[in-house]
Amino acid sequence: MELVTFKYYHINMAKDFKKNFGARVKHYRNLANLSQEKLAEKVGLSPHTISYIERGKNNISFTKLPVLCAALEIEPYQLFINIDNKENPDKIETINKMLKTANARQINILMNIISGILDI
């Protein structure tokens, strides 16, 4: 009976891993403002495959992992760590990406707001 329990646990762990990995791929794809089609093009996969990966239905090959990370502009480890924590570095990444499009006036306004909030 223990073997069956272990097998069941192992199967569920594998499903959860694929779902969590896929959710992180989708998260970073959205941060990069890429459609599934554009990401697929950059990685050399079909949009259908990207969709399956994001939904935890498919795995990505080990050889495609660095290509995927380069397309998402992230380090490979980021696809394997939990993105749902209080000190979410992804929010800082998102803010940085938004700031790249801000003009000097907008940056000055944001600096004043941030200084006020953080009492700097």
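**Figure 1. Glu73 in the loop between H4 and H5.** In this predicted model, Glu73 is found in the loop that runs between helices H4 and H5. Its phi is positive, at about 60°, although Glu73 is not a glycine. Glu73 has a relative accessible area of 64%, and because anything over 50% counts as exposed, this residue is classed as exposed.

Figure 2. A second residue that is not a glycine but has a positive phi is Asn33, where the angle is about 55°. Asn33 sits in the loop between H1 and H2, and with a relative accessibility of 70% it counts as exposed. A positive phi is also found at Gly56, which follows H3 and has a value near 75°.

**Figure 3. The helices of the chain.** The chain contains six helices and zero strands, so that, read from the N terminus on, its elements follow the order α-α-α-α-α-α. Of the 120 residues in the chain, 24% are buried.

Figure 4. The structure holds three aromatic pairs. In one of them, the ring centres of Phe17 and Phe80 are 6.2 Å apart and the ring planes meet at 25°, so this pair is stacked. Phe17 belongs to helix H1 (residues 2–31), whereas Phe80 belongs to the loop between helix H4 (65–72) and helix H5 (89–99), and the pair therefore ties together parts of the chain that lie 63 residues apart in sequence. Phe17 counts as partly exposed, at 40% relative accessibility, and Phe80 is also partly exposed, with a relative accessible area of 41%. In another pair, the rings of Phe21 and Phe80 have centres 5.4 Å apart and planes at 50°, so the pair is tilted. This pair, too, links distant parts of the chain, since Phe21 is in helix H1 and Phe80 is in the loop between H4 and H5, 59 residues apart. Phe21 counts as buried, at 7% relative accessibility. Together, Phe17, Phe21 and Phe80 form one aromatic cluster.

**Figure 5. The largest nonpolar core.** This core has 18 residues, and those that touch the most other members are Phe21, Val25, Leu39, Leu68, Leu72 and Leu79. The elements that give two or more residues to the core are H1, helix H2 (36–43), helix H3 (47–54) and H4. Among the elements, H4 gives the most, with five residues.

**Figure 6. Leu72 and Arg29 with their contacts.** Which residues does Leu72 contact, leaving aside its neighbours within four places in sequence? They are Val25, Tyr28, Arg29, Ala32, Leu34 and Leu39. Arg29 has its place in helix H1 and, at 8% relative accessibility, counts as buried. When residues up to four places away in sequence are not counted, Arg29 touches Leu34, Ser35, Gln36, Leu39, Glu54 and Leu72. Leu34 and Leu39 are therefore contacts of both Leu72 and Arg29 under the 4.5 Å limit for heavy atoms.

**Figure 7. The buried residues of H3.** In helix H3, the buried residues are Thr49, Ile50, Ser51, Ile53 and Glu54. One of these, Glu54, is also among the residues that Arg29 touches.

Figure 8. Ile95, Met98, Leu99, Ile107, Ile109, Leu110, Met111, Ile113, Ile114, Ile117 and Leu118 make a nonpolar surface patch of about 1000 Å². Helix H5 and helix H6 (104–118) each supply at least two residues of the patch, and H6 gives the most, with eight residues. Leu99, one of the patch residues, lies in helix H5 and counts as partly exposed, at 32% relative accessibility.

Terms used
Residues numbered from 1 in each chain as written. Predicted model: local features only at pLDDT ≥ 70, side-chain atom pairs only at ≥ 80, totals over all residues. Heavy atoms only, no water. Phe/Tyr/Trp six-rings, centres within 6.5 Å; stacked < 30°, edge-to-face > 60°. Helix = DSSP H or I, 4+ residues; strand = E, 2+ residues; numbered from the N terminus. Buried < 20%, exposed > 50% of the residue type's maximum accessible area, 1.4 Å probe, protein only. Core = buried A, V, L, I, M, F, W, Y, C linked by side-chain atoms within 4.5 Å. Patch = residues over 30% accessible without salt bridge, like charges linked within 9 Å, V, L, I, M, F, W, Y side chains within 5 Å. Areas by Shrake-Rupley, 256 points an atom, 1.4 Å probe, with all protein chains shown as cover. Salt bridge = Lys/Arg side-chain N within 4 Å of Asp/Glu carboxyl O.
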